[in-house]
Amino acid sequence: MASKSNNTTGVNVGTSSLLLVFVVMCLVSFATLATVSANADKKLNSKIVERTSGYYDACNQAEARIADIDSTLKGLYDSGLSRDEYFAQAGQSIDFAIPVSDVQTLSVSLDVNYPVNDRDVFYEVTCWKLETTGTLVEEEPQTLNLLF
């Protein structure tokens with residue numbers, strides 16, 4: 001009697017289909033995560049650009065105000081006032097703040113100097129500080145949009 005042996009080696013068709021479905025699901029998951037991450041990076045980048053440009057705009061405004069103060073102090077000095085009269089009109093220090101955003105301001109403090117000769121400066125910057133006047137945390141709903 002001849003015996004038939006059913007020795008089949010190889011992979012069943014169902015196993016390869018399951019492997020293909022698993023690989024496709026992994027690729028879709030990674031693509032979705034990459035898209036969500038890129039979108040979050042884009043939002044963060046736009047916030048950083050907005051805050052940075054606001055800061056430098058405030059710095060430019062502060063520099064313009066300091067230039068006006070410098071010309072005013074030079075005018076007082078050139079008018080020939082005595083030291084006491086100069087400080088009586090100019091004051092000992094000048095403080096001002098420039099808004100950067102809704103929650104931040106740039107605070108600047110100057111100490112007024114009476115120059116001894118023409119090469120001395122009229123003021124000294126003692127404070128140039130970005131101060132937070134509110135909360136920086138923006139509450140956004142935590143949702144995950146999987147369908148675009």
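1. Which exposed residues are carried by the face of α2 turned away from its buried side? That face of α2 carries D84, A88 and Q89, where exposed stands for over 50% relative accessible area, buried for under 20% and partly exposed for what lies in between, with a 1.4 Å probe and protein chains only. The helices (H or I, at least four residues) and strands (E, at least two) named in this note are DSSP runs, numbered from the N terminus.

2. On the basis of the note: the model is predicted, so that local features need pLDDT of at least 70 and side-chain atom pairs count only at pLDDT 80 or more, while totals for chains, interfaces and linings use all residues. Residues are numbered from 1 along each chain as its sequence is written, and side-chain values use heavy atoms, with hydrogens and water left out.

3. The buried residues of α2 are Y86, F87 and A90. They cover an arc of only 90° around the axis, taken from the directions from the helix axis to the C-beta atoms, and therefore sit on the same side of α2. These buried residues pack against α1 (13-78), β1 (93-99) and β2, contact being heavy atoms within 4.5 Å. After α2 comes G91, with a positive phi near 90°.

4. Aromatic rings of Phe, Tyr and Trp (its six-membered ring) count as a pair if their centres lie within 6.5 Å, and are called stacked with planes under 30 degrees apart, edge-to-face over 60 and tilted for the rest. By this rule there are six aromatic pairs. In one of them, Y55 and Y56 are edge-to-face, at 5.3 Å centre to centre and 70° between the planes; Y55 is partly exposed, with a relative accessible area of 25%.

5. Y86 and Y114 are also edge-to-face, because their ring centres are 5.0 Å apart and their planes stand at 70°. Since Y86 belongs to helix α2 (residues 83-90) and Y114 to the loop between β2 (104-112) and β3 (123-132), the pair ties together parts that are 28 residues apart in sequence. Y86 is buried at a relative accessible area of 0%, whereas Y114 is partly exposed at 23%. One aromatic cluster is formed by Y77, Y86, F87, Y114 and F122.

6. L19, F22, V23 and L27 make a nonpolar surface patch of about 410 Å². F22 is found in helix α1 and is exposed, with a relative accessible area of 53%.

Key
Patch = residues over 30% accessible without salt bridge, like charges linked within 9 Å, V, L, I, M, F, W, Y side chains within 5 Å. Areas by Shrake-Rupley, 256 points an atom, 1.4 Å probe, with all protein chains shown as cover. Salt bridge = Lys/Arg side-chain N within 4 Å of Asp/Glu carboxyl O.
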